[in-house]
Amino acid sequence: MDVLANPGPLKDIVLYDQEKHVSSAVWDGQERGALRCHEHTSKLGEWKLKPKQIELVERAGFGFLRRIPAISLDNPLISALVERWRRETNTFHFTIGEMTVTLEDIALLLGLGIDGKPVIGVTYTTCSAICERYLGEAPASNYASGGMVKLSWLKEKFSECEVDASFEKVERCTRAYLLYLVGSTIFSTTTGNKVPVMYLPLFEDFDDAGTFAWGAAALAFLYRALGNASVKSQSTICGCLTLLQCWSYYHLNIGRPKLNREPIHDHFPFVLRWKGKQNGPTANRDVVFYRKALDVLKPCEVEWLPYENMDGRFIPDHIRNSLQLGRSKTMLISFDKAERHLPDRCLKQFGLFQDIPADVQRWVRKSRGVDGGVDLSVKMESELSEWEMRWENIVPDDVLGVDEADYMRWYLGITRKIVGRPISLSSEFQRTISNVRDILELAENFQIHDLDLERGNMISRIIGLAQDCLRDQVGVTATTESQQQIELGKRMRGKERVRRKGMGKRRKGIDPMEDYGGSEDESQFGPLVEVGQMHLPLSHTNSVYDGTHMYDAVTKVDDMELCDTIPQLPETQDIHKIEGSLLDDTDKSIEDSKLQEEIGVTNVLSGEEPTESYDVKKEDKESKAEDDDATKGFSDVSGEENANREEEDGTEIGESVAESSSLERRGENTVLA
C-alpha cells in the first residue's frame, strides 16, 4: 500500500495507541518543535567531594556515574528519537526494525548495577521529617514542595564538607550529594530543579545502597519518560537524556559528532567516549532534519553491536557478570514506575537472529498514589515477582529466527513506516484538488443516455459533489441563474479578447474561471450540453436522470419548450461560422472580418442596437499600449470591441449592457431549470 495513503500501522495488533502518538499529530501538520529536555548536570562539577565522600559514593554504587561530566544535549535529535519511540513495546520503531535501550546498554554506558534489589520504598508528601533524619536539617518552605526538595538547596548547604567534619557530617553531605546526583541525572524530573526525598532512606546504609539495581531503575524511569513524551500533547521530557543521546551516537550514524580519540575516553564507562565539547556540524539540524534522516534510515547506518571493539579490560566484574540480563524479559521497577523490558524484539542488538516476537500484552500503566508513608512494594507485588524471576526469563542465544524478508514483511504491517510526510500537506492538497477536477471532467463527459435511472442519478451526484469541493477552492460561491449567464458572457468575451490580442501581454485581472481544470467549452457550473449547435450551461448539482433526459428535481424543461424560447435563431451554418471564428488564430484577418459581420447579424436578430464606443482616454497608458499592439494589422476596431476591452481592465461602465449582449451576440437565450 502507498505509504502516503497509509503510513501505518496497517494492523493495530501491536501499536494500538497510534491515535495518541505524536506521529499522528506530525502527519496532520501539527508540529510541536523540539522538546524541552530536563537534565540538571551543569552544576555537578561544583560539588567538592572529599576522599571519604568519594569512597562512600563508590560503595553506594555510583562511582562511575559520578565521573560522567555534563554533555551538551542535542534537543532536536532527542525529539526525533521520541517520535520513533512506542510505549506499547518500549522500543524505537525504525525503518530497519525495532531497537531499544537495554539493561546491557545502561550497564556499559553508565556503569550502574543492573542486578540486585528493586529500587522501591516508602513515599513521602513532606520533606521536613525525612531531611531532618538523613541530612540533619530541613529546607525552608521556599525550597520544598510536597515530597520534593530543590537541588539548589542541597548544593547550597552540602556541596562543601569541612576537612575536619565528623563522620556523621560526612555521611550527611554524601547523602545530599547522592540525592543531588540521581535527581539531576537518572531521575531528573520535569518539575524544574527538584528531586523527591523518597530516595534518601535508600542511602542510609551506603553498603546496602550498593545492592540495589540502580541501572534497572534508571531504565524504567527513562522508559516512562519516553512514553510520556511520545504522547502528542506533551512538550517536555526528563530522565537520563545523556544515556539516550549517547546510545544513539553508538547505534545510529545520525547526528553523531566527531569522535574524540584521546585514550582516556575509551575507558569505562563508555559514555566517556563523548566527553567534552562535541565536534561536528549542528547548524540547521532541527527536528525535521533528524526526522527525515530517521525516515530513510538505512541498514548501513545502524551499529547493532557497537561495543564489540571496545576495550573490556576496564569493565568491573560485577558489571560483566550481569550483562546477560540484557536479554531478560522482565519488569523494570523504579518506585511507582514499572516498565516492561522486551529484548526479544531487538535480538540483533545481541548478535542473534531476529524472530517474529510474541504478541504485545496490553497493560495499563497504573497511576499509583503517593500518599505519605505508603510502602509501594505492597501495591506492586506482581511486578516485583516478575523482577525476581529475571534470571529465569532470559532469551536463549540459540533462537533460530526467521528469514529477513519474512520478518520485514511482518514488521512493515505492524509498524509506523514514516513519521514525516514526504510531500507537504499543501502539495497533497493541490494534488487532491487536481484529482477532483479530473473526476469532475470525466463525470461530465460520461455518456449517460444508455444508463438506467439509478446510475444516471449516481453520475449526477458525483458531479454535484465534485463541484461542491471545487467551488470554494477557486473562489466561486453559489450563484443564481442570472449570475451563471453573466459568467458565460464573460467567458465568450474572453475568447474574443484572446483572438484580438494574439501574442500580446496577458491581462492583469484574474478570470474567475482561470483556475478551473475543465475544457474551454465548459463553464464553472456544469458541462455544456449540446442542443443542436447551441451550448447551454446546465448545473447538475440537484438534477435528476429519468433514463432519457437530465432535468431539475423541481422543474423539468421540455425540449420543445426550450426551442420555443429561442426566437429567430440564425441558420445553423451561420452559428457554426461564429463558433469557429472564435477559435481561429489571430493571423486569420479574413475570418475576423466575417466574425464582425456575423456579430452584426446576430445583434439585428436579437433586436439589440450596437454598443456605442467608449472613450479610449479612460484607459491607462499600459492598457492602451497593449491594445495598440494587439490591433496592428486590423483595419479598424469596432465600438463593441472597445467596450469589451474597457470592461476587461476593470471598468464598471455599461456592465449590464455587456452582460446581456454577450449571450445575445451569439443568438443564445439560456433557459435554466
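Trainee: Quick one to start: which residue is the bridge partner of Trp-85 in strand 3?

Mentor: That's Phe-92. Bear in mind that we're looking at a predicted model here.

Trainee: Got it. How do strand 2 and strand 3 run, and how many bridges join them?

Mentor: They run antiparallel, and two bridges join strand 2, residues 85-86, to strand 3. The two strands form a hairpin with four residues between them.

Trainee: What's going on with Asn-90 in that turn?

Mentor: Asn-90 has a positive phi there, about 55°.

Trainee: And on to strand 4: how many bridges join strand 3 to it?

Mentor: Three, and strand 4, residues 97-99, runs antiparallel to strand 3. That's a hairpin as well, with two residues between the strands. Phe-94 has Gly-97 as its bridge partner in strand 4, while Phe-92 stands opposite Met-99.

Trainee: So what's the strand order in the sheet they make?

Mentor: The order is 2-3-4, in an open sheet of three strands with antiparallel pairing. Strand 2 and strand 4 are the edge strands, each pairing on one side only.

Trainee: Which helix packs on that sheet?

Mentor: Helix 4, residues 75-84, which touches strand 2 and strand 3. The direction of helix 4 makes about 90° with that of strand 3.

Trainee: Back to strand 3. Which residues are on each of its faces, and are they buried or exposed?

Mentor: Thr-91 and His-93 lie on one side of strand 3, Phe-92 and Phe-94 on the other, and all of them are buried. Both faces of the strand are covered, in other words.

Trainee: Changing topic: where does Leu-342 sit?

Mentor: Leu-342 is in the loop between strand 10 (337-341) and helix 14 (376-379).

Trainee: Buried or exposed?

Mentor: Buried, because its relative accessible area is 15% and the cut-off for buried is under 20%.

Trainee: How many bridges between strand 5 and strand 6?

Mentor: Two, in the antiparallel sense, with strand 6 covering residues 148-150. Ser-145 stands opposite Met-148 of strand 6.

Trainee: Last topic, helices. At what angle do helix 2 and helix 8 pack?

Mentor: About 55°, with the axes 10 Å apart. That makes helix 2 oblique to helix 8. The crossing of the two is right-handed.

Trainee: Which residues make the contact?

Mentor: From helix 2 (51-59), Lys-52, Gln-53, Leu-56 and Val-57. From helix 8 (167-184), Val-170, Glu-171, Cys-173, Thr-174, Tyr-177 and Leu-178.

Trainee: And how do those contact residues divide by type?

Mentor: Six are nonpolar, two polar and two charged.

How values were computed: Residues are numbered from 1 along each chain as its sequence is written. This is a predicted model: local features need pLDDT of at least 70, side-chain atom pairs count only at pLDDT 80 or more; totals for chains, interfaces and linings use all residues. Side-chain values use heavy atoms; hydrogens and water are left out. Axes are lines fitted to C-alpha atoms, for helices over the stretch in contact, and angles run from 0 to 180 degrees between N-to-C directions. Angles under 35 degrees count as roughly parallel, over 145 as roughly antiparallel, 65 to 115 as roughly perpendicular and the rest as oblique. A crossing is left-handed if the near helix is turned anticlockwise from the far one by less than a right angle, and right-handed if clockwise. Contact means heavy atoms within 4.5 Å. Ala, Val, Leu, Ile, Met, Phe, Trp, Tyr, Cys and Pro count as nonpolar, Asp, Glu, Lys and Arg as charged, and the others, Gly among them, as polar. Two strands pair if DSSP finds at least two bridges between them. Buried means under 20% relative accessible area, exposed over 50%, partly exposed in between (1.4 Å probe, protein chains only).
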